[in-house]
Amino acid sequence: MEDWKAYINGVWRESNSGQHFQVSNPFDKSVLCQVTDCDASDFQEAVECATKAFASWKTSTPRERSALLRKIGDLMLRDQDRLAKVLTLENGKPLGESKGEVGFGASFFHWFAEEARRAYGENIPSPAPGVSFLTVQEPIGVAAMITPWNFPIGMPARKISAALAAGCSVILKPAEDTPLSSLELVKLIEEAGAPAGLVNIIPCSRNKVVEIGEAMCKEPKVGVISFTGSTKVGTDLYAQCSNTVKRVALELGGNAPFIIFNSADVDKAVDGLMASKFRNTGQTCVTANRILIQDGIYDQIMETILPKIKAMKIGNGLEAGVTQGPLINERQQERVK
């Protein structure tokens, strides 16, 4: 697999430090490639480029935004198999799940291609005669994004598509374990005809995460921070954004009980539980972390679900029949232990 650079202002380039970090296959720990390791200085350059791109993109028409988003979604579906393989290599999830993720990632671009046309304002009744109030929806500016490793293309797709539909430019820092899917995605965004500087990807190693996160929060040219990840990191980002009174969109850790009552359809309940508990090897924010079953149906549920669990196949996500891939890294393995 080829080594990867950052994507800033429509150019594939090395970081200012010239440093790199490795991306590995979580199944066998083999090194997939080297990726340029960005720091706060690279982020600052991306901010300047994204700010310039925003100045023109915010004046684009809804039809222009819609056309770009539609094309990006179409390109994702065109390359669905290739993107899925990259996703499985860096994340480990079974290939079928990866193909499904690419598909719903494309659906975000298609969805917001239509929503871009519906950025309506409102007419508000006035208390005074001869006076009317009209609200207008306006893009907020540069959107800085931090995405997790468990949905390496689905999450970037959801965030980027919404921002572009609203008229914002984007700087995205993908998770250090899974940056390749975001970099593959921006290649398609470039192919679709996005202006230089509109979408920028700044990958970094775990050692640079805090540095870039703080720079995003403190930079006044950034209008909004979008973060999906742990509650601890989310609260830290929230606090750091206070000095610039920045808008913050946080999607933090889940707490998901799965409850089955006596009145439940056993087969449907078990199918739902299997999907909730074992999707992406249980590494999602909506994974059931406790299962509550009413006494009257408990035995039926156990009789139905245990054979399904025993039939699951653990292994390399690229192999046919595998339903459970590896955990993403050693930190995750320690959490499970």
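Before you click anything, a word on axes: these are lines fitted to C-alpha atoms, for helices over the stretch in contact, and angles run from 0 to 180 degrees between N-to-C directions. Helices (H or I, at least four residues) and strands (E, at least two) are DSSP runs, numbered from the N terminus. You're looking at a predicted model, where local features need pLDDT of at least 70, side-chain atom pairs count only at pLDDT 80 or more, and totals for chains, interfaces and linings use all residues. Residues are numbered from 1 along each chain as its sequence is written, and side-chain values use heavy atoms, with hydrogens and water left out.

**Stop 1: two helices**

Select residues 62–78, helix H2, and residues 180–191, helix H6. Their axes come within 9 Å and cross at roughly 125°. H2 and H6 are therefore oblique to each other (under 35 degrees is roughly parallel, over 145 roughly antiparallel, 65 to 115 roughly perpendicular, and the rest oblique).

Now show side chains. On the H2 side, pick Lys71, Ile72, Leu75, Met76 and Arg78; they meet Leu185, Leu188, Ile189 and Glu191 in H6 (contact means heavy atoms within 4.5 Å). Colour this contact by type and you get six nonpolar, no polar and three charged residues. Here Ala, Val, Leu, Ile, Met, Phe, Trp, Tyr, Cys and Pro count as nonpolar, Asp, Glu, Lys and Arg as charged, and the others, Gly among them, as polar.

**Stop 2**

On a 1 Å grid over the protein atoms alone, a cavity is a set of points where a 1.4 Å probe fits but cannot get out, and lining residues have an atom within 4 Å of a point. Grid points are joined across faces, edges and corners, and a volume is the space filled by probe spheres set on the points. By this rule there are two cavities of 30 Å³ or more.

Stay with H6, which gives the most to the lining of the largest cavity, three residues. Select Tyr7, Gly10, Val186, Ile189, Glu190, Ala194, Pro195, Ala196, Gly197, Leu198 and Val199 to see the whole lining. The space inside is about 50 Å³, and its lining is made of eight nonpolar, two polar and one charged.

**Stop 3: the other cavity**

Next, select Asn25, Phe27, Thr88, Leu89, Gly92, Asn316, Gly317, Leu318 and Pro326, which line the second largest cavity. Its volume is about 30 Å³. What kinds of residue make up this lining? Four are nonpolar, five are polar and none is charged.

Methods. On a 1 Å grid over the protein atoms alone, a cavity is a set of points where a 1.4 Å probe fits but cannot get out, and a pocket is an open set with protein on both sides within 12 Å along at least five of seven lines; lining residues have an atom within 4 Å of a point.
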